[in-house]
Amino acid sequence: MAARAVETHLRPTRPEEQELSGDRFMRVHEKRTESGDVVGCRVDISALKRSQRQLEQNAHALEKAHADVQHQALHDTLTGLPNRRYLDERIAQMQQEENPRLVLLHIDLDRFKQINDTLGHAAGDFVLTQTATRLRAVLTPEDFAARIGGDEFVIVLRAFKTVSEAMIIAHELVASLSRPVRFEGNLCRFGASIGVAFDDTGNLLADELLVNADVALYRAKETGRGRVAYYTDDLHQEVLDKKRLADEIMLGIETAQFFPVYQPQFDASTLDFVGAEMLMRWNHPERGVLAPGVFGEVANDLGVMGDVEEQLFKQVYRDVEGLTSQGLHIPKVSFNLAVSRILDPSLGQELSRLRDFGTRATVELLESMSLDQLDPKFAMAIDALKDQGLPIEIDDFGSCRASIVGLLNVGPTRLKIDQQLIMPMLKSPLQQQLVRAIIEIGRALDIGVVAEGVETFEHCTALRDMGCDVLQGYALAKPMDAAALSQFLRRETWRDAFRTWEPENLSTRAKKTG
């Protein structure tokens, strides 16, 4: 009983933790009696403290890992810029704010693929990091830049007063990104095209605003790259029309809607049939037969013109085979091909198959391909075709910038005078002089000359008298499919028409002379 009485008079004090050397911890419990004596005990809590510390470290590591995962999920690992997900979420947040004013700059690097292809991905990555640095340089604390694709970036501007100011920033960026960077001793030259879209209502969804900026970017690149374009509703409709046409082209390829027609060519002196140029046509299900002028640019932008041409050649082969079986000889078929097809190593072998029927294939190069300074790969492809016995012709000569140097570089078998020079020549002495000069250049370089755009029999006689070798144009024959070509060659109506006209023409000329 006495022990219990003493215990009831003890007064506890607050436990105290003590840190000892050697990473040891003690918890001290003390109680003081009414008489002033202290009764205490010490408990070793070293293991508990180490466990608590480990738990805290684990929690901190988990928190950091979670933050890292969140950052990685919202940022680009190469440049450190926010990514597309961050962009979408941040724009959505901004548009919920009062009086939202957003300008988006959609940036696409020019010539980036060439750097990647020629100098390697390390050089490409260096260009991307340098681009990110230059983008950050124009940002205020309210703005941000994001990388949303391989070489595509978006800047969101908040600190501006007018769209004109945003356009100024865009032009400054174009200038900044046009400065080359040096990577491992190599100078990397690139640039940027920028599309600008504006929303001061908050009514546009993030995707809609990005689409508008993308539409403007499309226009900027279309007008020559290194440009800035601003989104408008009219521009949007134009791009939608092109997008619809692009979808229809892809469907046309899948369902074989494209087909070849042939425009005959004739010896200028004898009017003998000497071959035909293959021309592309599209049997559009709603708009009827379309020429490349309607769809060629979009098909080239899509990068599918080579696919269309490959399909057409298979049909040309079948057409020539069919005409040959009818006893009709096609001496030559010329092809005006996209650069992608000319660079295809299998092209020469494919075109050479026409020799099975005694038909020679020739490849036409547009004068606009800058013949004076041919790309090395393109020059090698041309040489390979010539080595395989495929003649090269220059199309639309006189329309752009080809020179004697360009002709010597290519070494064509023939050049074709552009119809813009041929058609008005009867009424223009200057045009006649230009045409005559081109014919004389061809003769001096031992290059045959073809005149296209021969609209009248008077053109025929004038060009024949000038020494032109081959005639092509509506005066003698329009483009036609293989079935019509078969009938045309059997009837030889062009000879009868010319014979009927020529005496009258000679009589008229004699009267004028008299």
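Reader: In S7, what is the bridge partner of phenylalanine 144?
Author: Valine 156. A word on the source: this is a predicted model, where local features need pLDDT of at least 70, side-chain atom pairs count only at pLDDT 80 or more, and totals for chains, interfaces and linings use all residues. Residues are numbered from 1 along each chain as its sequence is written, and side-chain values use heavy atoms, with hydrogens and water left out.

Reader: How many bridges join S6 to S7?
Author: Four, and the two strands run antiparallel. S7 covers residues 152-157. Strands here are DSSP runs of E, at least two residues; helices are runs of H or I, at least four; both are numbered from the N terminus.

Reader: What sheet are they in, and in which order do the strands come?
Author: An open one of five strands, ordered S6-S7-S5-S10-S11, with mixed pairing. Two strands pair if DSSP finds at least two bridges between them.

Reader: Which are the edge strands?
Author: S6 (144-147) and S11 (228-230); each pairs on one side only. From one strand to the next, the twist averages 20°.

Reader: How do S5 and S10 pair?
Author: Antiparallel, over nine bridges. Aspartate 110 has glycine 191 of S10 as its bridge partner.

Reader: And S10 to S11, parallel or antiparallel?
Author: Parallel, through three bridges. Valine 196 stands opposite tyrosine 230 in S11.

Reader: Why is S10 called largely enclosed?
Author: Eight of its nine residues (191-199) are buried, so the rest of the structure largely encloses S10. Buried means under 20% relative accessible area, exposed over 50%, partly exposed in between, with a 1.4 Å probe and protein chains only.

Reader: Switching to helices. Where does H3 lie?
Author: H3 (residues 84-94) lies across S5 (102-110), S6 and S7, at about 145° to S6. Axes are lines fitted to C-alpha atoms, for helices over the stretch in contact; angles run from 0 to 180 degrees between N-to-C directions.

Reader: What about H3 and H7, how do the axes cross?
Author: At roughly 115°, coming within 9 Å; H7 is residues 206-222. Arg84, Leu87, Asp88 and Ile91 of H3 meet Ala206, Asp207 and Leu210 of H7. Contact means heavy atoms within 4.5 Å.

Reader: How do the residues of that contact divide?
Author: Four nonpolar, no polar, three charged. Ala, Val, Leu, Ile, Met, Phe, Trp, Tyr, Cys and Pro count as nonpolar, Asp, Glu, Lys and Arg as charged, and the others, Gly among them, as polar.

Reader: Now the core. Which residues have the most contacts inside the largest nonpolar one?
Author: Ile249 and Phe335, in a core of 81 residues. H10 (residues 305-325) gives the most to this core, eight residues. A nonpolar core is a set of buried Ala, Val, Leu, Ile, Met, Phe, Trp, Tyr and Cys residues joined through side-chain atoms within 4.5 Å. Another core lies apart, with 31 residues, including Leu105 and Val228.

Reader: What is isoleucine 249 in contact with?
Author: Leaving aside neighbours within four places in sequence, its contacts are Phe258, Trp282, Phe295, Val298, Ala299, Leu302 and Val304.

Reader: Which residues of H9 are buried?
Author: Phe295, Gly296, Val298 and Ala299; H9 is 292-302. The buried residues of H9 pack against H8 (233-254), S12 (258-267), S13 (273-284), S14 (288-290) and H10. Glycine 303 follows H9, with a positive phi near 75°.
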